[in-house]
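This report describes selected features of a structure with several levels of organisation.

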Amino acid sequence: MLIEQLHYATTPKYNFPQSLEDLQLPQRFIEFSLRSMKKINGEYFQPNEITPYEPAKESTENITLAFPHHNSCTLRSVPLKPLLDDTTVVAVDVSSIKVGETETGVLCALRGAVVWREKRRYRCLRIGPFPFHITEENKREIYGMLRQFCFKGSGETNTPSLINMQNRMCNLLERWLQMGISCSLHRSVILWDGSLTAGTIDSPVNVVSQLLKVARNRLNTVLAFSKITRLRLSGHRLTDLSGKCSPPYLLKFNDFPAHTSGTMCLLGNIFVAKLTKGSCSFRLDIDREISWEHGLEAVQRLLGNDMFLQSYPETLRLAHIFSTFTANEVIGIQRFIAQKCGLKMVTRPNVRRLLFGLFGKGSED
Amino acid sequence: MRLYRKEGNTVQILALPTENVEKGEYLLIEDPATRRSLITQVIDVQFANVPGILEELLRNSTTNDLVHEESFDPLGVISHVAYIQDSRLLVCKIRGTMEDGKLRVTASWLPSRSQSTIKKLPTTSLLTLAKISADLPIQLGETRELSQFNIDAQTLDGRLNIVTGKKETGKSHLSKLLVMGLIDHGAMVVVLDLNGEYTHLGFSSNGEKNEHFSKIQALTPGDNLKMTLPQMKLRVMLDILIHALHLPGTSAREFRRIWRFLQEQGTLTLHELGETIKNWKCNTHVRDALFSRYYSLLNSRFFTDNPADANGLEENFRKIRNGGALVINLHDISLVDRQVAVEYVLGKLVEMLTQWKIKAVFLFAEEAHLYLRETYWDDIVTRMRHFGVFTTFVTNQPNTIRENIYRQADNVFLFNFTNEHDLEVVSRAAKVDAETVKSVARDLPPRHCLVLGRAVKDFPVVVRVKALDVQAMGHTRLFFTEKN
């Protein structure tokens, strides 16, 4: 006799980074988290029943990147040789999830995971979860403070809508952790989830450039892996292209444009990485400001010092796994918030289900 | 605890890890709106299938030698997650309904899922509610709440009982408690003691005589249980010859003639019987058959021609007419002799009961399949019960007792079984649903017993059987005794 399994999906993807012990981030986050939940005592709480796919971290790939047709662009396969040394490989991922609604706002939780491989052993630090209560009243304050800490004087910007706050906070947290790691590591390979495309609200060009610069100054190399890309070359998706040699190799694009039409800016050189045999390959962005040889060496050091599953680095995979919220954790967080804040749980009728019965699928939002 | 689901007479209840509930315990589901309560018994405790648990466990399983994980959780949220992970699902069987302070066995209503409150129902409260009192108490042990648990000796009166469980779980211990409890209330008990375990019930563990000493008569066939042929009825003797010694029908008819002849002559002795068979005019094969049975009887040393040596069952019953036990020690005697003795005892019992020489007797039969002939089983649970033989079967091989016996059993004292086949057999007992038997009995600790049937008014109760200060016999002989 088993209890019926509720259809709680895990949060899709999100990253957090964090560097080691000297990150100031957790303390700040605790403060923000507690401050945000101070005023919700005794409110009614509608736990989130179903979490459909919600992009908690806004990828620059998802923001339309108008990539120009460039027929002159050619491809070259660059075979790779793993470089075995003791280079530390670090990856960061963050997750966020909506856990419910109150009368005045939205309850969500954020968590980060940093995974690093040292001496053939993986270590993981999970930070959080940090629950937040975001309302129309406090969203400006929270967003402003987070942005201030993360981007340090990058200028005023409009506060996002309540719906987008969760994703924005997640992105800010990610940048924050990336900065922390860049500052605290030396001669390491730092893996980001996503691309090095800048020019969005959460990835201002100056901020991402600064992140890369800090990393470079400490002889770190940032490699960004995108699981999904919309970029196409001659009509073909970039990751569908294959090279002429056997893996591991990079596909290098000659005469690739540095700028896109619009405000987006490519801060990395774009490659297709096919690092193991198998069906998967990924878009790989390497800091544009470092030399081709240095970038190539970083990839080869990554190959020599990390494990790979379907061309994807294990550190990044673990970071994703350890940051992701499970449905069980969502229930635990709901319980924590309900107990801590004395919330009264209510179940609001699902209008879709009421109207459409079995056909009323999907979120109510 | 929250009511989660009801299907048939099964209720599922969600419980948090701090709400410590074990199999066999009773829960009361109170519905304030209808002012009724559902009495349920926990038959299984499972992990609640919390959504996402598989992902959680898989993720945590990666944190081994290869991955070292640390958590920074300043708000302590993870402890809540762990709490949810450990939440339980209590599978319960509905046992009755409480309405206006009265207990009813029916449960044709459904309590409110949102409004009902659930609390533990201590066994003592259950016994009070069910009006399970003990006018003639036999203390079996204690309940989970460490309160004394008694059954009423009257619930064994006129009943068929089964004590079963795997080896070394405490079956014999419980049956000794029952024997002594019955004796205390003046009952007459006969024990067919296969392993000689009951012979020293009259002695404390330190070897001193206890208060039951005078009430325990240990009788060993061929030793202090002997009789002369005139003390035997022909019918009993024929039962022995036919059923225990497998005498063919033709030979049995000749034996009947010889017996009557000797009776008429007034020379019914063992010696004369042998002489008469030798000289009897009959077929040689018949004579040989009679001779071989005669020597079997002779070798059993169960019969004597000296009236002074004779010590039959009837005389011993007189000694325990105010309550006591005749322990027929079947230990260390051959299978044939054992069967001869049992045929004699049962035949004699029926004879005495039909003649109202005794009122009724409680028969305890350990591993009865080793000495009870096939036709006796039905006889015991039907005909002999009407005469006043109230049997308690004690066995660790439940499949040796036939299904119809289980179905007619009034009380079952069930100890631990782990074997599925054994559980399947025992679950045929009509006094409780099969799921309860299988689930609860599987996890009973040693010396814990699930009491089913009339003794508990069909409310199954788990009891920790009390210790008994008697000299324990029947210990398994060990080779490495000294080392131990």
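The sections below proceed from chain B as a whole to its parts and then to the interface with chain A.

## Overall organisation of chain B

The model is predicted. Chain B has 484 residues, of which 42% count as buried. Its secondary structure comprises 15 helices and 19 strands. Taken along the principal axes, the C-alpha atoms of chain B fill a box of roughly 100 × 60 × 45 Å. Among the contacts in chain B with a separation of 6 or more, 72% are between residues 24 or more positions apart.

The domain assignment divides chain B into domain 1 (2-129), domain 2 (137-223 + 319-465) and domain 3 (229-299). The C-alpha centres of domain 1 of chain B and domain 3 of chain B are separated by 69 Å.

Strand 15 of chain B, residues 361-366, is mostly covered, with 6 of its 6 residues buried. B:Val361, B:Leu363 and B:Ala365 point one way from this strand, while B:Phe362, B:Phe364 and B:Glu366 point the other way. The residues on both sides, including B:Glu366, are buried.

Strand 15 of chain B pairs with strand 12 of chain B (residues 188-193) and runs parallel to it, through 4 bridges. Within this pairing, B:Val189 has B:Phe362 as its bridge partner. Strand 15 of chain B also pairs in the parallel sense with strand 16 of chain B (residues 389-395), over 6 bridges. Here the bridge partner of B:Leu363 is B:Thr391 in strand 16 of chain B.

## The surroundings of B:Ala218

B:Ala218 is located in strand 13 of chain B, which spans residues 216-219. Because B:Ala218 has 21 C-beta neighbours inside 10 Å, this residue counts as buried; the cut-off for that class is 20 or more.

Leaving aside residues up to four places away in sequence, B:Ala218 touches B:Thr199, B:Val327 and B:Asn329. B:Leu353 is 135 residues from B:Ala218 in sequence, and the C-alpha to C-alpha distance between the two is 21 Å.

## Helix packing in chain B

Helix 6 of chain B (residues 249-265) packs against helix 8 of chain B (residues 284-299) at an angle of about 75 degrees, and their axes are 9 Å apart. The two helices are therefore roughly perpendicular to each other, a class that covers angles of 65 to 115 degrees.

Helix 6 of chain B contributes B:Thr250, B:Ser251, B:Glu254 and B:Phe255 to the contact, and helix 8 of chain B contributes B:Val286, B:Ala289 and B:Leu290. By residue class, this contact contains 4 nonpolar, 2 polar and 1 charged.

## The interface between chains A and B

At the interface, 32 residues of chain A are in contact with 28 residues of chain B. On the chain A side, the elements that give two or more residues are helix 1 (25-37), strand 5 (121-135), helix 6 (314-323) and helix 7 (327-341). Strand 5 of chain A supplies the largest share, 10 residues. The side of chain A that touches chain B consists of 20 nonpolar, 7 polar and 5 charged residues.

Strand pairing also links the two chains: strand 5 of chain A and strand 5 of chain B (residues 67-72) pair in the parallel sense over 6 bridges. Within this pairing, B:Phe72 is the bridge partner of A:Ile127.

How values were computed. Residues are numbered from 1 along each chain as its sequence is written. Chains are lettered from A and ligands numbered from 1 in the order in which they are written. This is a predicted model: local features need pLDDT of at least 70, side-chain atom pairs count only at pLDDT 80 or more; totals for chains, interfaces and linings use all residues. Two residues are in contact if their C-beta atoms, placed from the backbone, lie within 7 Å. Ala, Val, Leu, Ile, Met, Phe, Trp, Tyr, Cys and Pro count as nonpolar, Asp, Glu, Lys and Arg as charged, and the others, Gly among them, as polar. Two strands pair if DSSP finds at least two bridges between them. Domain bounds come from an automatic or database domain assignment. Axes are lines fitted to C-alpha atoms, for helices over the stretch in contact, and angles run from 0 to 180 degrees between N-to-C directions. Angles under 35 degrees count as roughly parallel, over 145 as roughly antiparallel, 65 to 115 as roughly perpendicular and the rest as oblique. A residue is buried if 20 or more other C-beta atoms lie within 10 Å of its own, exposed if 12 or fewer, and partly exposed in between; C-beta atoms are placed from the backbone.
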